[in-house]
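Work through the exercises below with the sequence and the coordinates at hand. Each task is followed by a solution in steps.

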Amino acid sequence: MRFGQPPVQLGRRRRLDVWAIVATVLLASVFPVDLFPGGPRGQHGSDGQLSGKQGQVLLVHVPLKGQPADIAGRFLNRRVPFFQGTSGPVGLLGIDMQDAPGTHELSIEVTDAQGPRRLSYNVLVIKEKYPVQHLTLPKDKVDLDDESLVRVKAEQEQVKTALEGVSPERFWEGTFIEPVHGTISGAFGRVRIINGQARNPHNGEDIAAPLGADVQAMNDGVARLTVDHFFSGKGVFIDHGLGLYSMYFHLSDITVRNGERVKRGQVIGKVGASGRATGPHLHWGVRLNGARVNPYAMLALPVSQVLSANQ
Ligand SMILES: [Zn+2]
């Protein structure tokens, strides 16, 4: 299957943008400062501030000596779980695609040899520019009939419940991979305004690929939910542990079962156009402790800096 030249170029350019942003953000955020009040660097000031754009993922490394008995973070009322890296606890902080721009607190409760403490960081959320599409469609093409509406509501509830579960174990290891190679649409965060009414923003990335192409798990995990939904069609939700989920929609075929352990790169389904889709493509989404993040942000995480090769 061939795709038009302009979308190919647009997709590549957008992807490079995303990578550049992620890389910059991570360099600035791998070593948070003001951990130790009275230390060499001040508690305040923009030099120690974490920052990231809406939809990005920050890797937060807390340089503590030894493994604390307990450590847990909170950001905008969402959990930020930590795991032990090679030189201190590490957490993945997801900035939701619609978190309000501005400065918010990342609060970390630590209990170690020094006793219980609370560490506080400023996180600057930077506004991302998302595409906006205005569409005018006949009313009967937009409104769902009662039966479909009931079905969609039940399906939304099923997904919400599944994504609320936080497995205490980290299943993912090492770097993350793209589930399929194809033409990236750059549709993450796109807002459609249909007949003057704003719809929910597009919470993943669409990758156009040939019908039947293999779809691979982005990392190790557990297939937590397999569905055949009205909008997303045949879909797989993979739980990577510590509140990280990836989802793969519009599949033509699902090749894993609920509860099955999957490895990074394992084929979990085939590209299709099931559900509401205009052509064969993969909708790839990532949820991190409730935050809707750009799945491509996962690929650029410098996990090798905080984990040893076999972690
Ligand atoms: Zn999509």
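**Exercise 1. V90 and its strand**

In which strand is the place of V90? Note before starting that the model is predicted. Then determine whether V90 is buried or exposed, and list its contacts.

Solution. 
- Step 1. V90 lies in strand β5, which spans residues 88–94.
- Step 2. A residue counts as buried at 20 or more other C-beta atoms within 10 Å. V90 has 22 C-beta neighbours inside 10 Å, so it is buried.
- Step 3. Leaving out residues up to four places away in sequence, V90 touches L59, V60, H61, F82, F83, G85 and V306.
- Step 4. For a distance check, take V80, which is 10 residues from V90 along the chain; their C-alpha atoms are 9.7 Å apart.
- Step 5. Within β5, V90 is the bridge partner of H61.

**Exercise 2. The sheet around β2 and β5**

Give the strand order of the open sheet formed by 7 strands, name its edge strands, and describe how β2 is enclosed.

Solution. 
- Step 1. The order is β1-β7-β6-β3-β4-β5-β2, with mixed pairing.
- Step 2. β1 (50–53) and β2 (57–61) are the edge strands, each pairing on one side only.
- Step 3. From one strand to the next, the twist averages 25°.
- Step 4. β2 and β5 run antiparallel and are joined by 5 bridges.
- Step 5. Inside the sheet, β3 (residues 70–75) and β4 (residues 78–85) are also antiparallel, with 4 bridges between them. In this pair R74 stands opposite R79.
- Step 6. Although β2 pairs on one side only, 5 of its 5 residues are buried, so the rest of the structure largely encloses it.

**Exercise 3. The largest nonpolar core**

How many residues does the largest nonpolar core have, and which strand gives the most to it?

Solution. 
- Step 1. The core has 59 residues, and those with the most contacts inside it are V57, L93, L106, V236, Y248 and L282.
- Step 2. Strand β16 (residues 244–251) gives the most, with 6 residues.
- Step 3. Domain 1 (5–128) and domain 2 (132–299) each supply at least three residues to this core.
- Step 4. L282 touches P179, V180, I207, A209, V215, Y248, H250 and V271, again not counting residues up to four places away in sequence.
- Step 5. As background, nonpolar side chains tend to be buried together in soluble globular proteins.

**Exercise 4. An open sheet of 3 strands**

What is the strand order of the open sheet of 3 strands, and why is one side of each edge strand left without a neighbour?

Solution. 
- Step 1. The order is β13-β19-β17, and the pairing is antiparallel.
- Step 2. β13 (214–216) and β17 (253–254) stand at the edges; each has a single partner strand, so one side of each has no neighbour in the sheet.
- Step 3. β17 is joined to β19 (residues 267–270) by 2 bridges. Across this pair D253 stands opposite K270.

**Exercise 5. Helix α3 and the whole chain**

Compare the span of helix α3 with the expected value, then state how many of its residues are buried.

Solution. 
- Step 1. α3 (residues 146–164) has 19 residues and reaches 27 Å from its first C-alpha to its last, close to the 27 Å expected at 1.5 Å a residue.
- Step 2. The count of buried residues in α3 is 0, and the helix is hardly covered.
- Step 3. For the protein, buried residues make up 39% of the 311 residues.
- Step 4. The protein has 4 helices and 21 strands.
- Step 5. Of the contacts with a separation of 6 or more, 71% are between residues 24 or more positions apart.

Technical notes. Residues are numbered from 1 along each chain as its sequence is written. This is a predicted model: local features need pLDDT of at least 70, side-chain atom pairs count only at pLDDT 80 or more; totals for chains, interfaces and linings use all residues. A nonpolar core is a set of buried Ala, Val, Leu, Ile, Met, Phe, Trp, Tyr and Cys residues joined through C-beta atoms within 7 Å. A residue is buried if 20 or more other C-beta atoms lie within 10 Å of its own, exposed if 12 or fewer, and partly exposed in between; C-beta atoms are placed from the backbone. Domain bounds come from an automatic or database domain assignment. Two residues are in contact if their C-beta atoms, placed from the backbone, lie within 7 Å. Two strands pair if DSSP finds at least two bridges between them. The expected span of a helix is 1.5 Å times one less than its number of residues. Axes are lines fitted to C-alpha atoms, for helices over the stretch in contact, and angles run from 0 to 180 degrees between N-to-C directions.
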